[in-house]
Amino acid sequence: RNLYTIRVVPLTDVHSIRRHAPPLGWQYVIVVLSSGLAHPPLYFYNGGVREFLATIKQHVSLLRSRNDANVFLVNDLQDPLQKSLSSLELPRAVPGSNGTAHSSISSSFSNETPGRLYDATVDGKSTTTEYNGKQKQKFNDPARDISIQVLEKFSLVTKFARETTSQLFRESDSSNSYERKHWANSGSIMASIPTIKQKVPDENSTTLDSMQVDKLSLVWGKPRQSPLNYVEWATFLDSEGRVKDSEALRKRIFYGGVENNLRKEVWRILLGYHAYDSTYAEREYLASVKKSEYEVIKSQWQSISPAQAKRFTKFRERRGLIEKDVVRTDRSFTYYDGDDNQNVTLLHDILLTYSFYNFDLGYCQGMSDLLSPILFVMEDESEAFWSFVALMERLGPNFNRDQNGMHSQLFALSKLVELLDSPLHNYLKQADCLNYFFCFRWILIQFKREFEYEQVMYLWEVFWTHYLSEHFHLYVCVAILKRYSKKIIGEQMDFDTLLKFINELSGHIDLDGIIRDAEALCVCAGENGEACIPPGTPPSLPIESMYLDD
């Protein structure tokens with residue numbers, strides 16, 4: 001049986017919808033039929049329950065129960081006149097296959113244990129082929145509209161991606177027209193899949209059969225280039241210092257990285273601390289303003305007296321965690337080596353200041369790993385702090401107490417592996433390893449402990465460009481797993497063995513090769529890969545200006 005089963009539920013059969021919003025974990029709803037049957041939970045990984053109910057209310061009468069505020073009764077109308085008026089809501093009256101009229105919504109039901117995050121997919125030809133708005137509707141089908149509104153907006157549609165695995169890579173462009181005609185004539189639900197387009201220019205668009213992905217080496221990824229240097233950097237700027245073509249710059253950095261002596265200037269732009277269209281003068285002025293602001297924030301914890309600290313438990317706890325972590329962060333690296341190293345003190349001060357700047361998030365283990373390369377590059381306390389703030393705008397959800405950000409990324413990773421390496425996915429499913437917790441460290445601190453220091457900085461530059469995808473780090477995860485897929489399956493690794501194996505890969509991964517493989521996988525997956533990633537999954541794109549209030 002498939003992991004996910006779909007059933008069309010007529011609204012006339014629905015008695016109520018119960019909303020659940022636990023303090024930890026994802027919100028979900030349970031659909032209860034008039035017969036008393038309660039279907040398994042429908043989870044919402046990134047909010048949306050309120051919008052879900054609002055959409056349902058557009059098509060039926062939805063009343064809150066007097067006995068339970070979280071229960072919403074469907075078409076529970078006592079007044080005969082109200083029943084008659086309700087029956088006149090023609091937009092939801094749709095002729096069925098037998099000519100009768102009914103209203104329907106699509107709900108997802110999982111054969112797995114409730115409590116995990118599962119996706120909802122739309123069953124049936126009409127809804128699947130309409131996915132992502134790629135085909136124009138030739139007629140108005142309200143039932144389909146309801147399904148799309150209710151499920152595509154508020155749940156991740158992955159049946160499309162899952163079935164695409166067998167259709168994703170076809171023959172060359174010369175046969176695509178024949179295949180599209182063949183699919184259309186057969187009424188296949190995959191009729192609307194577009195030809196996969198190579199995003200990388202300068203090379204001919206190529207498509208592969210899905211079975212060839214495991215048999216052929218991934219060769220689409222373009223060779224790495226030399227790092228961006230000062231001379232070339234100047235060609236990207238106008239006379240006042242504005243970046244003339246941000247996409248071209250991001251592409252250049254994606255394929256080559258940045259020379260170390262240029263990183264301070266470029267990283268602040270990549271991270272969003274400075275805008276691409278900011279001038280030299282604007283960047284200099286902002287640095288001055290933010291330096292003063294940093295000193296104000298820092299003085300907040302510096303002014304806490306010992307007597308106050310005794311009565312400030314949260315401050316003592318966070319300070320203690322930071323003091324323990326910074327003394328063991330990258331101490332083998334020359335910049336942080338030795339006793340009484342002033343740079344270690346700066347790490348401490350910046351992290352403690354950040355815990356006051358973002359008091360809700362505070363400090364969590366792993367943040368020192370993310371700050372360390374930034375401080376090394378910036379060589380300035382204030383600049384390092386604000387660059388770290390910009391990075392945490394993207395990666396902050398990784399450290400949320402409910403771990404929602406991490407769970408959404410691990411969930412997306414599982415869907416990408418299912419799409420791009422189905423044999424490995426099937427094995428991990430069999431081995432009960434679909435939670436992908438063995439990749440937790442990779443994602444949490446962005447491969448910080450898997451590569452040499454210089455390689456980490458180069459890899460982060462690739463991530464920060466968001467050139468092919470803002471979630472390129474997930475494709476790097478897939479590329480590594482795919483490279484060792486045969487070993488994992490052949491040795492029948494269980495979770496503990498797999499976790500040990502993954503940890504022992506540290507320092508033994510070919511970075512350039514993995515980036516090229518990840519690029520190929522990202523291009524192959526295309527929009528189907530993006531469909532595997534829930535909206536809002538970290539790292540989110542940086543907002544246009546972090547300092548609109550200044």
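What follows is a walk through the aromatic rings of this structure. The model is predicted: local features need pLDDT of at least 70, side-chain atom pairs count only at pLDDT 80 or more, and totals for chains, interfaces and linings use all residues. Residues are numbered from 1 along each chain as its sequence is written, and side-chain values use heavy atoms, with hydrogens and water left out.

Start with the count. The structure holds 31 aromatic pairs. Rings of Phe, Tyr and Trp (its six-membered ring) pair if their centres lie within 6.5 Å; planes under 30 degrees apart are stacked, over 60 edge-to-face, and the rest tilted.

Take Phe-44 and Phe-52. Their ring centres are 5.4 Å apart and their planes stand at 70°, so this pair is edge-to-face. Both Phe-44 and Phe-52 are buried (under 20% relative accessible area, with exposed over 50% and partly exposed in between; 1.4 Å probe, protein chains only).

Now turn to Trp-267 and Trp-464. With centres 4.9 Å apart and planes at 80°, the pair is edge-to-face. It links distant parts of the chain, 197 residues apart. Trp-267 sits in helix α10 (residues 260-270), Trp-464 in helix α20 (residues 453-465). Helices are DSSP runs (H or I, at least four residues), numbered from the N terminus. Trp-267 is buried, at 0% relative accessible area. Trp-464 also counts as buried, at 6%.

Next comes a cluster. Phe-254, Tyr-255, Trp-442, Phe-447, Phe-451, Phe-463, Tyr-467 and Phe-472 form one aromatic cluster.

Finally, look at charges over rings (NZ of Lys or CZ of Arg within 6 Å of the ring centre and within 35 degrees of the ring normal). Lys-290 lies over the face of Trp-386, 4.1 Å from the ring centre. Arg-318 lies over the face of Phe-359, at 4.5 Å from the ring centre.

How values were computed:
Helices (H or I, at least four residues) and strands (E, at least two) are DSSP runs, numbered from the N terminus.
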